[in-house]
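Subject: Structure handover

Hello,

Here is the structure I said I would pass on. My notes follow it.

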Amino acid sequence: MRSRGWSRGARSAVWVLGALLSGVAFAGVGGLEGDDPLRGTAAIAPAVLVALWRIELWAEDQDGAGADPTIRLLEGSLLLGWLLLVVVRGSWSLPSGSEVLAGAFFLAVGWKILRTIPRLRPSLGESVPRRPPAVFFWLPLVAYLAILPWCTSQRPPDGDEPYYLLVAHSLAFDGDTDLRNNYVREDSRRYMPRALEPQLGDPVGPDGQIYSRHSALLPLVLALPYRVAGSHGAFAVMAGLTALLAWWFLRVCRRHHPDRPGGALLAWALLAFAPPVLLYSHQVWVEIPAGLLLVIGWDTVHLSPERRKRGAWILILAVVVLLTFLKLRLLIVAAPLLLLAVIRSRRGSTILWSGLILAVTAGGVLLYNQSRFGNPLRIHSVADLAFHEVSPFTVLQRELGLFFDGAFGLFAAAPLWLILVPGVLRAVRRDRGLLARLVLLLGPYFLVIASRREWFGGWSPPFRYGLLGLPLLALLLVPLWEDRRRVGPRALLAGLGALTVGLTLLWLAVPGWTYNLADGGSHLADAASRLLGLDFNRLLPSSVRPRVATWLWPSTLGLLVPLVWWRPRRQLPAAGALGLAALLLVAAGGTALTSRLPTRVLEMEDPPVVSEKGRLHPRKWAVERVRRSSGLLLPEGASLRAPVVAGGNRVVLVLRVRLIENDEHPTGLTIGDGRRTFSRWRVREGGDWVDVRSGPVRWIPGRDLHLAVGPPPEGAPRNGIVVDRVLLEWR
């Protein structure tokens, strides 16, 4: 049997390699330029299709289903047609032709994966195997490699990613972590269009060396593949680590739900092929490696006592050490993991040695940072760690934001993850032991990241800070799938699943839309607002700009999703269609509500606000911008227009404004609706924020709010007025 497996694997490798060479040759012969965003996808597409075909053949052998040659022929024809469209799309008049073709390719890949997943069920047997078949590694890896060329060409490395890559470049070519020469040579242009500059707080050595404030452990892993294949070698390694994380998740399912292989398969599919893991699969962040280490540690901790020998303890301690060196904040999960291992061992000597090793590891990192960089935490000051100064109300708001925030939350990226809510409630009733261990491991970490002053989602795809714990949270989903044939679960899975598929295709076709500015909105909501002339951000929960929706969505969905999941208990063949219909009704209702909901707060950064000569203040990339009040700066001579949905016949306007003073002359602000002037406000001294009241005035429905700053005296420097928001009190 093993020789047969090796033989099949060798044949599959030959097929895939041949398809890859054919794709590369086609990309060259087809005249695709080196900067063509679809060149890499076209080159890898045949290999992706062949790899999926070979995996499907293996799956067909497992479940005894016969192959349909007509489908194979159709798939090959569609691939050929897609490649031809890639070549001729230059003559299209569509401005987003490349995005449409990329989305079509990802849709085809996703369709094949969805057809293959049910056929993998027999390979898990009656009980989840201790070592799941390798197909559960290869299938995600193929998916991650399929999206890699397009996503990396459309969204260059951003946030912390380019700095990890620059350290990897320095290790690969210079053999050190001193980035001074790399900044001078602008080595970052090898993988992004601009030259990097040192980050705020980067340590400087005694002889002028410039080091990154990020740990060198992840770049050390990426250095060799970076040397061989550049940044794409590093991206491919990240894809491999992500696929290994998905495979190891099934091993963990063996510890807790061995008799539920069907549920384990579906939870694995959601984890592996839905955002956020899918979005992070090729990106250079520490969260995926940290999640892998955490899953390995959890798996080892839960070994049965007769199998927990010295090697297991060495592995647990190695995981703890690697987590600490990967990122210092990961000590917050490394320590509870070690504590969990000690609790399960109940041996005094183990407790002593484990505590000593943890103290030496953490102390060593702190002492090294202090001696090398002059700061034990590298960047954070004591003020950054003053968690006691953050109110419990703010912590709760940010904790909810990790999951519900319209820009950075898990459920906004992939609504299907909402079934975690009934999963947690089920664990409270039936599996308190597992839930208690998860709270022990992840609770302190989630509490700390929500208490940090700099937490606002981060400039990264959604759920970045919580990503490392998501594979363990997915364990709570495994038992839920037993109820999936009832009307409630089927309706929820159909509606949320369809929405998740649509959003996933959007995130892949336009990868930059997963990165949002912390201004209370999102790219998707902003685009819909511009298209329809409505302010959809009002309906989205935000932890950056708290509003009614910030609390309404968690409370409503927290009650509604479990209620629909468990009631009613009967089965209904049309439950899936019912869920899709509910999704369409919610979308239509949200649009109708937005067009009729009275405007009570106008945020000046929202898309419907149109400004002439105005600009964001502070500017978009100002350091720590989200910690300060921000708005729209109107220099003298500038104006803005904001649409208003009337909520009454009379209104009081309260403007939060601040004067930016460049010259000692009075600056005036005119408030009106474009045809009438309500009031004029003049200020002579700048500095603090003030509230300016206007009204009550009679409001005519259909009119917009107009604000204008008068011109400066001739020859005088321009002053400006920053408008943060406008409150509308209807009467």
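Ring pairs join Phe403, Phe404, Phe411, Tyr445, Phe446 and Phe463 into a cluster. Rings of Phe, Tyr and Trp (its six-membered ring) pair if their centres lie within 6.5 Å; planes under 30 degrees apart count as stacked, over 60 as edge-to-face and the rest as tilted.

This is a predicted model, in which local features need pLDDT of at least 70 and side-chain atom pairs count only at pLDDT 80 or more, while totals for chains, interfaces and linings use all residues. Residues are numbered from 1 along each chain as its sequence is written, and side-chain values use heavy atoms, with hydrogens and water left out.

Aromatic pairs

There are 16 aromatic pairs in the structure. In one of them, Phe173 and Tyr226, the ring centres are 6.3 Å apart and the planes stand at 80 degrees, so the pair is edge-to-face. Phe173 belongs to helix H6 (residues 161-173) and Tyr226 to helix H8 (residues 217-256), so this pair ties together parts that are 53 residues apart in sequence. Helices here are DSSP runs (H or I, at least four residues), numbered from the N terminus. Tyr226 is buried at 3% relative accessibility, whereas Phe173 is partly exposed at 34%. The cut-offs are under 20% relative accessible area for buried, over 50% for exposed and in between for partly exposed (1.4 Å probe, protein chains only).

Phe393 and Trp551 form a tilted pair, 4.9 Å from centre to centre with 35 degrees between the planes. Phe393 is in helix H15 (residues 392-404) and Trp551 in helix H22 (residues 548-566), so the pair ties together parts that are 158 residues apart in sequence. Phe393 is exposed, with a relative accessible area of 52%; Trp551, at 29%, is partly exposed.

Charges over rings

A charge sits over a ring if NZ of Lys or CZ of Arg is within 6 Å of the ring centre and within 35 degrees of the ring normal. Arg429 lies over the face of Trp566, 4.9 Å from the ring centre. The charged end of Arg464 is over the ring of Tyr465, at 4.8 Å from its centre.

Helix packing

Helix H3 (residues 69-88) packs on helix H4 (residues 97-116) at about 165 degrees, with the axes 10 Å apart. H3 is therefore roughly antiparallel to H4, a term for angles over 145 degrees. Residues in the contact (heavy atoms within 4.5 Å) include Trp82 and Leu85 of H3 and Leu101 and Phe105 of H4.

Regards

How values were computed. Helix = DSSP H or I, 4+ residues; strand = E, 2+ residues; numbered from the N terminus. Axes fitted to C-alpha atoms, helices over the stretch in contact; angles between N-to-C directions. Parallel < 35°, antiparallel > 145°, perpendicular 65-115°, else oblique.
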